[in-house]
Amino acid sequence: MLIIHALLFSSAAAHATDIKGKARVIDGDTLYVANIKIRLNGIDAPERGQPRFKAATRALQSLVAGQIVSCRLTGDITYDRFVASCFVGSHDLAASVIASGNALDCPRYSGGRYRKY
């Protein structure tokens, strides 16, 4: 697994990398795709112990349940998670969790992409 992460990091640093697969949700802005831990880019979802943590986690779970998730790595890593924009089909997962009222736009990283939700 360490070798895979090293290869992804060096590849992601050079150019955007795509990952596809079934997802397993950790919380409202973190999931595993193809056994790679991903942090959704540009959103701020509640952490464990904060209000709406469970709702945010369930919102993301409902979006990815049984679906193939496609993620484009940004080249950044935070807290041992690869940062990525992820989609089910054409549906942006970050935008959908924000639109559900369970996360906020994080303009520092989204560039304001999600402010309309």
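Predicted model: local features only at pLDDT ≥ 70, side-chain atom pairs only at ≥ 80, totals over all residues.

Visitor: What makes D18 and R72 a salt bridge?

Guide: Their side chains meet at 2.6 Å, N to O, and the cut-off is 4 Å, so the pair qualifies. D18 sits in strand 1 (residues 18-21) and R72 in strand 6, 54 residues apart; strands here are DSSP runs of E, at least two residues, and helices are runs of H or I, at least four, both numbered from the N terminus.

Visitor: Why is D18 called partly exposed?

Guide: Buried means under 20% relative accessible area, exposed over 50%, and partly exposed in between (1.4 Å probe, protein chains only). D18 has 47%, so partly exposed it is. R72, at 43%, therefore gets that label too.

Visitor: And how do you know that D29 and R39 are buried or exposed?

Guide: D29 has a relative accessible area of 1%, so it counts as buried. R39 comes in at 16%, so R39 is buried as well. Their side chains also form a salt bridge, at 3.6 Å, N to O. D29 lies in the loop between strand 2 (23-27) and strand 3, and R39 in strand 4, so the bridge ties together parts 10 residues apart in sequence.

Visitor: What makes the largest pocket a pocket, and what is its volume?

Guide: On a 1 Å grid over the protein atoms alone, a pocket is an open set of points with protein on both sides within 12 Å along at least five of seven lines; lining residues have an atom within 4 Å of a point. The volume, about 190 Å³, is the space filled by probe spheres set on the points, which are joined across faces, edges and corners. Of the 13 lining residues, those closest to the centre are R39, N41, T78, V83 and Y109. Strand 6 gives the most to the lining, with 3 residues.

Visitor: Why is N41 called buried?

Guide: N41 has 12% relative accessibility, so it counts as buried. N41 is found in the loop between strand 4 and strand 5 (43-44).

Definitions and conventions:
Residues numbered from 1 in each chain as written. Heavy atoms only, no water. 1 Å grid on protein atoms, 1.4 Å probe; cavity = no way out; pocket = protein on both sides within 12 Å on 5 of 7 lines; lining within 4 Å.
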